[in-house]
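Have the viewer ready and turn the model as you read.

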Amino acid sequence: MGKEQDAYDKKNAEMQEQYMAFVTEKATEEDMTVMGKCGAKLKELMPNPGLKVGYTAPDFTLLDSSGTKITLSEELKKGPVVLVFYRGAWCPVCNMHLNALQDIVPVLKSKYNASIIALTPQMLEVSKNQLEGTTISYKVCSDLDDSISKSYNLYYDLDPELDDVYMKMGINVKATNGGDRLGVPVPGTFIIDKKGIVKAMQADTDYMKRMKPDEIFSGLEQN
């Protein structure tokens, strides 16, 4: 286990402690029951989410938070891509993971000539605001019609009952996505080689689980 993994584990532990304190303060016992029920339902609905190793990664062109068009196949010409799907700025686990990924950007570039692209269903303005005050330097793109998360077998609609609980906790998914959209991706990470092939992946309906630095490095060793 390297120093990058140690730093990630520390950030993850701190985030989980803060998140549980937030949930305990904001959520009732009934709310917790709803969250558990909806989590179990999603796991049953999507027991094995995400595009699998060996498949060709679907290409896409999306706008990043600065309004620049980003095309996966063009980025792959420069080197492997770590493609990360996250739910939105409202998700504390996503925020921790995004910031932890920034910590490994120098290693990705120097050792593997790899880059990170993050995809989210939220509006560009939300992503722009989310990135302000952070050191995140990689591209964060908006999948505004959810077509990319669908092509990577990650898309699902947030349960309205869970959305009600989130609203009571001050989390407004529709406001970050725009319109009446409740679609979000199962959090997932894909290591894609220059030929566009998925060499490693991680996706889990348990949103607390993410691909860790050591797992990303191991996936890039497959290139």
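On a 1 Å grid over the protein atoms alone, a cavity is a set of points where a 1.4 Å probe fits but cannot get out, while a pocket is an open set with protein on both sides within 12 Å along at least five of seven lines; lining residues have an atom within 4 Å of a point. Grid points are joined across faces, edges and corners, and a volume is the space filled by probe spheres set on the points. By this rule there is one cavity of 30 Å³ or more.

This is a predicted model, in which local features need pLDDT of at least 70 and side-chain atom pairs count only at pLDDT 80 or more, whereas totals for chains, interfaces and linings use all residues. Residues are numbered from 1 along each chain as its sequence is written, and side-chain values use heavy atoms, with hydrogens and water left out.

The largest cavity holds about 50 Å³ of space. Its lining is made of Y19, F22, R87, W90, P92, Y166, M169 and I171. Sorted by class (Ala, Val, Leu, Ile, Met, Phe, Trp, Tyr, Cys and Pro count as nonpolar; Asp, Glu, Lys and Arg as charged; the others, Gly among them, as polar), this cavity lining has seven nonpolar, no polar and one charged.

The largest pocket has a volume of about 500 Å³. Of the 25 residues that line it, M35, C38, G39, L162 and Y207 lie nearest its centre. Two or more lining residues come from each of α1 (3-26), α2 (29-45), β6 (155-157) and α8 (160-168); helices here are DSSP runs of H or I with at least four residues, strands are runs of E with at least two, and both are numbered from the N terminus. Helix α2 gives the most, with nine residues. The lining comprises 14 nonpolar, three polar and eight charged residues.

The second largest pocket has a volume of about 230 Å³. It is lined by 15 residues, and K109, A114, S115, I116 and K139 are nearest its centre. Here α5 and β4 (115-120) are the elements that give two or more residues. The lining splits into seven nonpolar, four polar and four charged residues.

## α2 against α8

In contact (heavy atoms within 4.5 Å), D31, V34, M35, K37 and C38 of α2 meet E161, L162, V165 and K168 of α8. By class, this contact has five nonpolar, no polar and four charged residues.

## α5 beside α10

Helix α5 (residues 105-112) and helix α10 (residues 213-220) have axes that come within 12 Å and cross at roughly 15°. That makes α5 roughly parallel to α10. V107, L108 and Y112 of α5 make the contact with I216, F217 and L220 of α10. Its residues are six nonpolar, no polar and no charged.

Methods:
Axes are lines fitted to C-alpha atoms, for helices over the stretch in contact, and angles run from 0 to 180 degrees between N-to-C directions. Angles under 35 degrees count as roughly parallel, over 145 as roughly antiparallel, 65 to 115 as roughly perpendicular and the rest as oblique.
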